[in-house]
Amino acid sequence: MFFYKGKEKNSEKVNGIILNNILLNKEKEKRKKYSKEYHHIEISMDKKLDYSPGDSIAIIAENSLDEVFDLMDFFQKKNFFFEKNEKDVMLNLFQKQLNIVSLSLNMLKKYSFLSEKIVVPLNNDDRNRKWNLIDLLKKFPIKKKIHLRDLIQIMDPIKPRLYSISSSPIVHNDEIHITVLRHRFFQKNGKRKYGFCSNFLSKLKKGDPLSFFVCNNRVFKLPKESNKDIILICSGTGIAPFRSFLYEREVHKNSGKNWLFFGNQHFETDFLYKKEIQNWKKNGVLNYVNLSFSRDQETKVYVQDKIWENREKLFSWIKNGAYIYICGKKNPMSIDVEKTLFRITKEKLGEFDSKVFIKKIKKDGRYLKDVY
Ligand SMILES: Cc1cc2nc3c(=O)[nH]c(=O)nc-3n(C[C@H](O)[C@H](O)[C@H](O)COP(=O)(O)OP(=O)(O)OC[C@H]3O[C@@H](n4cnc5c(N)ncnc54)[C@H](O)[C@@H]3O)c2cc1C
Ligand SMILES: NC(=O)c1ccc[n+]([C@@H]2O[C@H](COP(=O)([O-])OP(=O)(O)OC[C@H]3O[C@@H](n4cnc5c(N)ncnc54)[C@H](OP(=O)(O)O)[C@@H]3O)[C@@H](O)[C@H]2O)c1
């Protein structure tokens, strides 16, 4: 075992096969132009995995084969040599292990020693630019013919990305589910780009292989006592671990009550796991559900607005021993939710006692966050 960003990463690599990759907001024609793309991905394994709700998986995405073939062509034409029998190994390395997009500053510095010109320091525009390997090699050609191994030696490995597990080990047996937002952003030049790993995941098809590692989170866990009430607060893909929590609470027929606050942009397209949530509400697994769709009206409505509206009931739950869980974006969502929770306790208990109260629920492990 070793550690990954505060989480325990199991060193055993798991080989899975994609069972389903479902676009959660599939009513495409109804999607607003800038609506987000969320994928529910089901992975089957040949054995049962040792995980529990609250854990995540670390995925090392692969580079696109088209890009890798372009690179291999480029190497052969431009001063990089390797033996004929090394070609497959090199191809495999560039596809599965080496980071060829958004190169690190450290790699750029090392590359300066191989190139005709010094790559860093660059002018201000270039300094903030994220380089792809092929663009770098074209703009800063190498000084003299070298073995491809010398380039490989200075390259970084592909960084794993974490995804919260949204399935339950009891209900979904030999499957793992994740909930992925196809991350989209704009470069300085205005060009739209997709995140490396979430883009790779969004394109996976039934039958494709996918390897990953399980990351156990010892803190973000359901209460040990099944009669404890839980308050789940999330926005967007932050719903993922809570889907896992709710399946477990349902199957164990836990007597503790469950309350969900979920927020996203539009009811029509971004109500993730709508049917499951509505079913849980109907069959009583979810005692309360409060939804906030920020862009369905002129003024934004966020999860913390719903929390504030329900502050009387919420405070009485907490006073009676409920556990609070927050998942999703750290900034600004979790920070604003936290401010609202503090505001409620301050209103109820006054400044000093509310600080003591918050400290106590944190110490008791009743205030848990998984935010980034
Ligand atoms: C514990 C944990 C749980 C998580 N759970 C989930 C989950 O359940 N679902 C989920 O969807 N996500 C989850 N995440 C987030 C996930 O791990 C990834 O961070 C997310 O999918 C984005 O990764 P990416 O590779 O797609 O984007 P990246 O390629 O890593 O891009 C990230 C950012 O880097 C910058 N960048 C990258 N390339 C360039 C470029 N060429 N030019 C300029 N800027 C660039 C951009 O600012 C971009 O926004 C979780 C994270 C953690 C830590
Ligand atoms: N476990 C994790 O930490 C985790 C899990 C999943 C995803 N992520 C990463 O975080 C990003 C999240 O994307 P997402 O679409 O899932 O969720 P998101 O960006 O958090 O958006 C979901 C909702 O939160 C709203 N929001 C914006 N500001 C808020 C605030 N101050 N308080 C409360 N709500 C606020 C958004 O409203 P408006 O857009 O209308 O302002 C939207 O309705 C992704 O890049 C993903 O990769 C991390």
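Me: Which polar backbone atom is 2.7 Å from an oxygen atom of ligand 2?

Reply: A polar contact is a pair of N or O atoms within 3.5 Å; within protein, one must be able to donate a hydrogen and the other to accept it, and residues adjacent in sequence count only if both atoms are side-chain atoms. In this predicted model, a polar backbone atom of T237 lies 2.7 Å from an oxygen atom of ligand 2.

Me: Which residues come nearest to ligand 2?

Reply: A residue is near a molecule if one of its heavy atoms lies within 4 Å of it. Of the 24 residues around ligand 2, the nearest are K36, Y38, T237, Y302 and Y372.

Me: How is the chain divided into domains?

Reply: Domain bounds come from an automatic or database domain assignment. Here that assignment gives domain 1 (2–61 + 159–216), domain 2 (65–152) and domain 3 (230–371).

Me: How many residues of domain 1 and domain 2 are in contact?

Reply: Contact means heavy atoms within 4.5 Å. By that rule, 4 residues of domain 1 touch 4 residues of domain 2.

Me: How confident is the prediction?

Reply: The predictor's confidence in each residue is its pLDDT, from 0 to 100. The chain averages 92, and 93% of the residues score at least 70. Over residues 1–5, however, pLDDT stays under 50.

Me: Which conventions apply?

Reply: Residues are numbered from 1 along each chain as its sequence is written, while chains are lettered from A and ligands numbered from 1 in the order in which they are written. In this predicted model, local features need pLDDT of at least 70, side-chain atom pairs count only at pLDDT 80 or more, and totals for chains, interfaces and linings use all residues; side-chain values use heavy atoms, leaving out hydrogens and water.
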